Amino acid sequence: MYADRLDNLPPYLFARIDEMKEAKIRSGVDVIDLGVGDPDLATPPHIVDALCTAAHDPATHHYPSYLGLSTYREAVSAWYKNRFGVTADPATEVITLIGSKEGIAHVPEAFVNPGDIVLATDPGYPVYKTSTLFAEGICHPLPLREETDFLPDLDAIPADTLRKSRLLFFGYPNNPTAAVAPMAFFDEVVAFAREHNIVVVHDNAYSEITYDGYRAPSFLEADGAFEVGIEMHSLSKTYNMTGWRLGMAVGNKDIIAGLGRVKTNIDSGAFDAIQLAGVAALTGPQDCIADACRIYKERRDILVSGLTSLGYDARSPKATFYVWLKVDDSMTFAARLLDEAGIVATPGIGFGASGEGYVRFAITRSVERITEAVTRMEAMGP
């Protein structure tokens with residue numbers, strides 16, 4: 001019944017975790033879910049109000065523009081200028097996405113032929129690999145290791161692999177490792193892409209979730225970045241809008257045009273009312289971001305302190321709402337957490353082979369629940 005390509009797809013990790021969690025809940029277990037990175041904080045009221053107003057306007061009820069409302073793309077351009085000092089033409093260098101996941105999934109369709117190689121950081125967001133498989137490309141993993149601060153070694157890629165490589169997926173602040181990258185690394189990526197004629201896609205969904213005075217850069221700040229790549233961004237984490245499905249791609253106009261050609265043949269664009277709410281998010285008061293980061297920081301500190309007190313080597317991240325914890329065996333540890341403590345954590349192996357030996361905790365639950373999780377882990381014993 002199914003196409004052969006489905007046989008090559010791994011089971012989507014988070015769907016499987018949901019199944020296991022629901023089974024525990026049905027059995028009466030009070031499950032603490034620190035697995036999927038879905039903010040528990042509410043979308044700020046001024047954004048919700050903007051949606052309600054726009055949704056009542058019949059003008060928003062028709063098919064939207066394939067590339068996105070000009071007002072939304074202009075707001076994206078202005079936000080990039082204000083936040084990163086990056087100038088992008090809203091007409092040609094910005095496109096609206098139905099969440100950054102959609103954009104990531106569609107990019108290989110525009111640039112990868114069957115048998116081409118896509119370079120992707122490992123561990124990494126699973127869609128890097130699955131989108132490559134749908135385009136009938138071959139995913140070459142770039143291992144992220146603690147000893148190199150979870151940055152890939154571009155010099156270690158074999159020459160025969162580079163000759164067939166068409167695309168590079170990477171993202172910092174990083175999911176799942178929570179690592180950050182210096183501008184020097186972005187400069188290295190630009191030089192690498194120029195030398196090997198590779199399209200770069202930087203996944204920057206977590207740039208606004210930062211702590212301790214750290215401010216995450218944009219890849220597009222690097223000299224020459226617009227020549228080689230684009231950046232995917234999302235309102236999901238920044239404004240607690242995961243369910244709204246709204247994001248943007250910004251960068252090289254030819255890459256944006258290629259992505260746009262795919263999208264015009266597959267989707268009908270994001271709902272105009274949601275895009276107008278996105279305008280309110282990007283142009284309205286930004287204190288909601290700082291408020292969210294203060295909440296996540298308190299949770300981070302409690303979880304890291306608790307894990308450290310239990311004897312784990314828990315490192316405090318500068319960005320994202322994840323804690324990447326070293327363990328002996330990721331699946332065994334995650335299964336034991338769920339079975340013995342009713343806690344959901346994501347096994348690192350689900351993000352790629354180099355994720356083995358780690359689990360990812362998402363600090364998207366209240367202080368009380370995170371404190372309870374630490375207490376339950378203490379009761380588990382070593």
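Predicted model: local features only at pLDDT ≥ 70, side-chain atom pairs only at ≥ 80, totals over all residues.
## Basis

Local features require pLDDT of at least 70 and side-chain atom pairs pLDDT 80 or more, whereas totals for chains, interfaces and linings use all residues. Residues are numbered from 1 along each chain as its sequence is written, and side-chain values use heavy atoms, without hydrogens and water.

## Helices H3 and H12

Helices (DSSP runs of H or I, at least four residues) and strands (E, at least two) are numbered from the N terminus. Helix H3 (residues 45-55) and helix H12 (residues 272-283) have axes that come within 8 Å and cross at roughly 145°. Axes are lines fitted to C-alpha atoms, for helices over the stretch in contact, with angles from 0 to 180 degrees between N-to-C directions.

In contact (heavy atoms within 4.5 Å), H3 contributes residues including His46, Ile47 and Leu51, and H12 residues including Ile274 and Leu276.

## Valine 118

Valine 118 lies in strand E3 (residues 117-122). With 0% relative accessibility, valine 118 is classed as buried, a term for under 20% relative accessible area with a 1.4 Å probe and protein chains only. Leaving aside residues up to four places away in sequence, valine 118 touches Val112, Thr132, Ile138, Cys139, His140, Leu167 and Phe169.

## The sheet E9-E12-E11

Three strands, in the order E9-E12-E11, make up an open antiparallel sheet; pairing requires at least two DSSP bridges between two strands. E9 and strand E12 (residues 358-362) are joined by five bridges, and leucine 325 has valine 359 in E12 as its bridge partner. Helix H13 (residues 287-309) lies across E9 and E12, at about 15° to E9.

Key. Buried < 20%, exposed > 50% of the residue type's maximum accessible area, 1.4 Å probe, protein only.
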